[in-house]
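Please open the structure in a viewer and keep the selection panel at hand. The tour below moves from one selection to the next.

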Amino acid sequence: MTGPVLDVHGVSVQLAGRPVLSRVDLQVGQGEFVALLGANGSGKSTLVRAVVGLVPVCAGRVQVFGTPLGSFRDWRRLGYVPQRLTATSGVPATVTEVVAEGRLSRSAPFRRTTRTDREAVRAALEAVGMADRARDSLGRLSGGQQQRVLIARALAGRPEVLILDEPTAGVDVPSQQAFADALETLAGHGTTVLLVAHELGPLRPLVQRAVVLRHGQVVHDGPPPAPVADAHHVHAHGPSDDGEGLLS
Ligand SMILES: Nc1ncnc2c1ncn2[C@@H]1O[C@H](COP(=O)(O)OP(=O)(O)O)[C@@H](O)[C@H]1O
Ligand SMILES: [Mg+2]
């Protein structure tokens with residue numbers, strides 16, 4: 001039997017002297033598709049950053065693939081796409097080059113690119129609707145398009161666990177649907193997904209379980225909140241009308 005792939009137990013995080021997460025528990029089992037939901041500022045990004053070791057925890061513990069984070073080394077097994085593109089390197093890179101990095105990290109440095117690599121890169125770019133920009137340099141893309149390239153890089157690496165922080169924020173609906181289809185295929189192949197989102201949109205049918213944060217604490221862990229009939233009218237309803245009230 002195998003334990004959870006991601007195991008956050010009693011984790012507290014302070015940033016700039018302020019508590020941001022308080023005694024958070026989050027388990028994600030192999031092959032699960034879990035959404036991490038909550039209002040802006042509730043601590044979603046901080047939690048996934050703690051899971052991948054980018055912020056220190058002041059209490060509790062994090063294990064990935066059954067290994068305490070401090071001793072975990074096999075980062076290829078885990079794909080992480082941050083919410084925003086951190087400063088890009090000064091080296092001009094094309095979209096294809098950036099996505100190919102996701103393949104090269106899989107094995108020895110300096111190995112030759114194979115046809116399988118090129119196909120994985122192309123499939124990943126199609127999945128995020130960026131295949132027609134493959135030859136463009138990253139610097140010529142909008143922030144949202146750069147984000148999609150980062151998602152493609154993570155997809156191309158075919159990790160066992162994919163952690164995505166608001167991947168569809170600012171992405172148009174057709175691209176969101178293409179991305180949802182790609183994630184469905186990955187999930188069908190057994191990829192474990194932890195998806196941070198503010199609104200699920202076309203990704204909703206994929207979500208098996210939702211964990212909702214509020215003010216740095218888990219306030220819900222169970223079935224995803226019910227869909228909103230018309231997202232444009234969400235603010236016209238009281239917070240108890242539907243599950244989305246959990247997010248406010
Ligand atoms: N580097 C930081 N230093 C200080 N405070 C931070 C930092 N990053 C995030 N915070 C604060 O932590 C809280 C949670 O932020 P975040 O995890 O980004 O929330 P979410 O992703 O749910 O919007 C917010 O109040 C935010 O201002
Ligand atoms: Mg965030």
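Begin with the sheet: four strands make up an open sheet in the order β2-β1-β4-β5, with antiparallel pairing. Its edge strands, each pairing on one side only, are β2 (18-28) and β5 (67-68). Strands here are DSSP runs of E with at least two residues, helices are runs of H or I with at least four, and both are numbered from the N terminus; two strands pair if DSSP finds at least two bridges between them.

The model is predicted, so local features need pLDDT of at least 70 and side-chain atom pairs count only at pLDDT 80 or more, while totals for chains, interfaces and linings use all residues. Residues are numbered from 1 along each chain as its sequence is written, chains are lettered from A and ligands numbered from 1 in the order in which they are written, and side-chain values use heavy atoms, with hydrogens and water left out.

Next, select β1 (residues 6-15), which pairs with β2 in the antiparallel sense over seven bridges. Within this pairing, Val11 stands opposite Val24 of β2.

Turn now to the aromatic rings. Select Phe65, Phe72 and Trp75, which ring pairs link into a cluster. Rings of Phe, Tyr and Trp (its six-membered ring) pair if their centres lie within 6.5 Å; planes under 30 degrees apart are stacked, over 60 edge-to-face and the rest tilted. Phe65 and Phe72 are stacked, at 5.8 Å centre to centre and 25 degrees between the planes. Phe72 and Trp75 are edge-to-face, at 4.9 Å and 85 degrees.

Which of these residues are buried or exposed? Both Phe65 and Phe72 are buried, whereas Trp75 is partly exposed, with a relative accessible area of 36%. Buried means under 20% relative accessible area, exposed over 50% and partly exposed in between (1.4 Å probe, protein chains only).

Finally, select the magnesium ion (ligand 2): its protein donors are Ser45 (OG) and Gln83 (OE1), lying 2.0 to 2.2 Å from it. Donors are N, O and S atoms within 2.8 Å of the metal (3.2 Å for Na, K and Ca); water is not among the atoms, so sites may look incomplete.
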